[in-house]
Amino acid sequence: MPVPILKQGDCLIASIQSALTDADLLDLRDELAERVGRYRSKGVIIDVTVLDVLDSFASRTLRMMAEMIRLRGAETVIVGIQPEVAFSMVQLGLSLDGVTTVLDLEEGLAHLDRSRRARVAHAGG
Amino acid sequence: MAVTRPRVDADALADAIGLGPEELAMRKGFLEFGDDDVHRLHAMYGLTHEHVDVVIEAFYEHLMSFPETAAFFRDPRLLEHVKGRQKEYFIRLTQGDYEQEYVSDRLRLGSIHERIGLPVRSFLGMYAFYLRQIASLLLAEHPGEAERAFEAFHSLTKLLFFDIGLGVDIYIYQRERTIALQQEAIRELSTPVLTLRDRLLVLPIIGILDTSRAQKLTEGLLRSIRESRAKVVILDVTGVPAVDSAVANHLLQTVEASRLMGAQVIVTGLSSSVAQSLVTLGVDLTKLNAVGDLQGGIEVANEIMGYRIVAIDDGTPEVVDARSDSQAG
């Protein structure tokens, strides 16, 4: 099932609705990388709240996604990792190094908002 | 640590220590305790029956002449009771049938001795006293037949060593049970997750951190992070006596899992000796945001969350949200 990608201002929100196959994940990666360019987005939020498992392929793909999106000029935030998922990930030694993770969608939007303001301040100064 | 140990009856004890018929046969085989010994002991029945009162009186006189053992028999009623039990035991030695029921009796007796805190050395000393008494009785009983007396003595020695084995097993088993219960108690020491301020949690860890406890602790912390939407967590390990590489890895896992949930972890209270051992162990702690003490940790948390503490006019510090300040201005 494809992941709906919503555009909200200069952000994209990929809201995962159900468990994903590996192919779905790769589609999501390609789709996001493409849309970041199309909409000239500055931030991408990937909401994984509904996922009750993140395996090694998923965590590697998420890392890859974040790196691709960074190269396309936007910042990635992963939101909604559940306690059980976080716990099993560290138990299995899976990491999301280099990817920003925050609690939920609200926090993710707030984080991107801070980044935007920092950019504006930087440009202004 | 005081732990109330539930009592276990003698049959359950025999099961717990694994004293089935096979084990008993093996023990007797090891002591070379056979039918001949049973017969020789049985032949001593008359002797023990005749002298039991004298021996037991001498036995308690001996015990009462040493402060360490006398302390256990201060109460005269108790003394009468235990004398009765010892008389039964003394005669029982020569009554044959040294099977499961006999063993249960020995375990019960050993259990009582262990529970009142009689030292093992005194417990062994009591058996040595019996042996000395019976040796002289046997020699007197068989004048000029030293060999026969010696054989009978030998059989008794085997049986008493069998009994000592059971007694010592009980001591060890009960101590191990105490240790296991204490470890359980330490493991179950709850670790509260405290909310210090909106979205700032403090987790004071007290006691030994092993794998199972670290897991429970991390699970609890992650749940609290979600519930209170925490941004910063201070993990205070002042009360953790030793930090080895396993514990350090647990801490790192907790830090990483919290980061996945969007919370930053500050570890405080790593003492200089702990820091030294961690460096010596070569654990990679670059991901660990460590601050000297809890106070420092709270200060760093304030910085991260954009708070600063401002003294109002009368000198009482007041917490101000620096973010709302900057938004207002």
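In chain A, residues 24 or more positions apart account for 72% of the contacts with a separation of 6 or more, a contact being heavy atoms within 4.5 Å. The model is a predicted one, in which local features need pLDDT of at least 70 and side-chain atom pairs count only at pLDDT 80 or more, whereas totals for chains, interfaces and linings use all residues. Residues are numbered from 1 along each chain as its sequence is written, chains are lettered from A and ligands numbered from 1 in the order in which they are written, and side-chain values use heavy atoms, with hydrogens and water left out.

The secondary structure of chain A consists of four helices and five strands, where helices (H or I, at least four residues) and strands (E, at least two) are DSSP runs numbered from the N terminus. Read from the N terminus, these elements follow the order β-β-α-β-α-β-α-β-α. Chain A has 125 residues, of which 48% count as buried; the term means under 20% relative accessible area, with exposed meaning over 50% and partly exposed what lies in between (1.4 Å probe, protein chains only). The accessible surface of this chain comes to about 6,200 Å², and 54% of that surface belongs to carbon and sulfur atoms. Such areas come from the Shrake-Rupley method with a 1.4 Å probe, and for residues only the protein chains shown count as cover.

Chain A meets chain B through 20 residues of chain A in contact with 19 residues of chain B. Between them the two chains bury about 1,800 Å², 52% of it on carbon and sulfur atoms; buried area is the accessible area (1.4 Å probe) that two parts lose on being put together, summed over both. Five salt bridges are found across this interface, a salt bridge being a side-chain nitrogen of Lys or Arg within 4 Å of a carboxyl oxygen of Asp or Glu.

One of the salt bridges between the chains is formed by the side chains of R229(B) and D104(A), at 2.1 Å from N to O. R229(B) is placed in the loop between α10 (211–228) and β3 (232–239) of chain B, and D104(A) in the loop between β5 (100–102) and α4 (105–124) of chain A, so the pair joins two chains. R229(B) is partly exposed, at 23% relative accessibility. Both residues belong to a network of salt bridges with shared partners, which joins D104(A), E106(A), E107(A), R199(B), R229(B) and K231(B).

Over all chains the count of salt bridges comes to 25. Within chain A, R29(A) and D30(A) form such a pair, with their closest N and O atoms 3.1 Å apart. D30(A) is partly exposed at 38% relative accessibility, whereas R29(A) is buried at 17%. Within chain B, D37(B) pairs with R40(B), the closest N and O atoms being 3.5 Å apart. Both of these residues lie in helix α3 (residues 35–43) of chain B, three residues apart, about one turn of the helix. D37(B) is buried at 2% relative accessibility, while R40(B) is partly exposed at 26%.

Aromatic side chains provide a further set of pairings. Rings of Phe, Tyr and Trp (its six-membered ring) pair if their centres lie within 6.5 Å; planes under 30 degrees apart count as stacked, over 60 as edge-to-face and the rest as tilted. Eleven aromatic pairs are counted over all chains. Y60(B) is buried, with a relative accessible area of 4%, and F73(B) is buried with a value of 4%.

A further edge-to-face pair is that of Y89(B) and Y127(B), with 6.4 Å between centres and 80 degrees between the planes. Y89(B) lies in helix α6 and Y127(B) in helix α8 (residues 120–141) of chain B, so the pair ties together parts 38 residues apart in sequence. Y89(B) is buried at 3% relative accessible area, and Y127(B) is buried at 8%.

R106(B) lies over the face of Y102(B), 4.7 Å from the ring centre. The charged end of R197(B) is placed over the ring of Y307(B), 5.2 Å from its centre.

Notes
A charge sits over a ring if NZ of Lys or CZ of Arg is within 6 Å of the ring centre and within 35 degrees of the ring normal.
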